[in-house]
Amino acid sequence: MPIARAQLDDGSVLRYYVPEGTTAEDRTSIYAPAAVKKVAMGIDPLEPPETTLGGYVGEVGKGLASGAAGLVESAATGAAFLLPEEQEQAARKAIAEKGAQVQAGLRPDAGYEDTVVRKLAEATGSTVPFIATGAFGGL
């Protein structure tokens, strides 16, 4: 369980839980404010978040959507190759920005980031479209 630290306005240091692989930007923009809110509510920010069966069910839907969104982003980036050079670069940049926005909305909830259920749902979301279209290959 990685622990991050944040310097508060009063000079004290707040220690709080962050998931494995969290970027410095995510620690300061997402997890530090959440830790401050937890302290205000009387919750220990060093305690890892609880996971529930209902939470896993919600993560399956978001994981499927995240995997499918990644597939669409990759396909759109590949299709941009058909454009002239200047337009291709502009299209790739726009696709990457929009893809990042979509993925930010599908970010896993705290405690579910590296779970097998979430990773399997993401993999399924990016694979199922190929399997579904394979059925039409013989037509």
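Here is a short tour of a predicted model, from its strands to its salt bridges and a patch on its surface.

Let's start with the strands. S1 (residues 3-7) and S2 (residues 13-17) run antiparallel to each other and pair over 5 bridges. Within that pairing, alanine 4 has tyrosine 16 of S2 as its bridge partner. The hairpin has 5 residues between the strands, and glycine 11 takes a positive phi there, near 95 degrees.

Next, the aromatic rings. The count comes to 1 aromatic pair. Tyrosine 56 and tyrosine 112 have ring centres 5.1 Å apart and planes at 90 degrees, so this pair is edge-to-face. Tyrosine 56 sits in helix H2, while tyrosine 112 belongs to the loop between helix H3 (85-105) and H4, so the pair ties together parts that are 56 residues apart in sequence. As for cover, tyrosine 56 is partly exposed at 25% relative accessibility, whereas tyrosine 112 is buried at 5%.

Now for the charged side chains. The whole structure holds 6 salt bridges, and the table shows some of them.

| Salt bridge | Closest N to O |
|---|---|
| Arginine 107 and aspartate 26 | 3.6 Å |
| Arginine 118 and glutamate 122 | 2.7 Å |

Take arginine 107 and aspartate 26. Arginine 107 is partly exposed at 32% relative accessibility, and aspartate 26 is partly exposed at 21%.

The other two in the table stay within a helix. Lysine 62 and glutamate 59 are 3 residues apart in H2, about one helical turn. Arginine 118 and glutamate 122 are 4 residues apart in H4, again about one helical turn. Glutamate 59 is buried, with a relative accessible area of 1%, and arginine 118 is buried with 1% too. Glutamate 122, at 22%, is partly exposed. Through shared partners, salt bridges join Glu59, Lys62, Asp109, Arg118 and Glu122 into one network.

What does serine 66 touch, leaving aside its neighbours within four places in sequence? Its contacts are Gln103, Leu106, Arg118 and Glu122. Serine 66 itself lies in helix H2 (residues 53-79) and is buried, at 8% relative accessible area.

Last stop: the surface. Val60, Leu64 and Val117 make up a nonpolar patch there, with about 180 Å² of accessible area together. Valine 117 is in helix H4 (residues 116-134) and is partly exposed, at 33% relative accessible area.

Definitions and conventions
Residues are numbered from 1 along each chain as its sequence is written. This is a predicted model: local features need pLDDT of at least 70, side-chain atom pairs count only at pLDDT 80 or more; totals for chains, interfaces and linings use all residues. Side-chain values use heavy atoms; hydrogens and water are left out. Patches are made of residues with over 30% relative accessible area and no salt bridge: like charges are joined within 9 Å, nonpolar side chains (Val, Leu, Ile, Met, Phe, Trp, Tyr) within 5 Å. Accessible areas come from the Shrake-Rupley method with a 1.4 Å probe; for residues, only the protein chains shown count as cover. A salt bridge is a side-chain nitrogen of Lys or Arg within 4 Å of a carboxyl oxygen of Asp or Glu. Buried means under 20% relative accessible area, exposed over 50%, partly exposed in between (1.4 Å probe, protein chains only). Two strands pair if DSSP finds at least two bridges between them. Contact means heavy atoms within 4.5 Å. Rings of Phe, Tyr and Trp (its six-membered ring) pair if their centres lie within 6.5 Å; planes under 30 degrees apart count as stacked, over 60 as edge-to-face and the rest as tilted.
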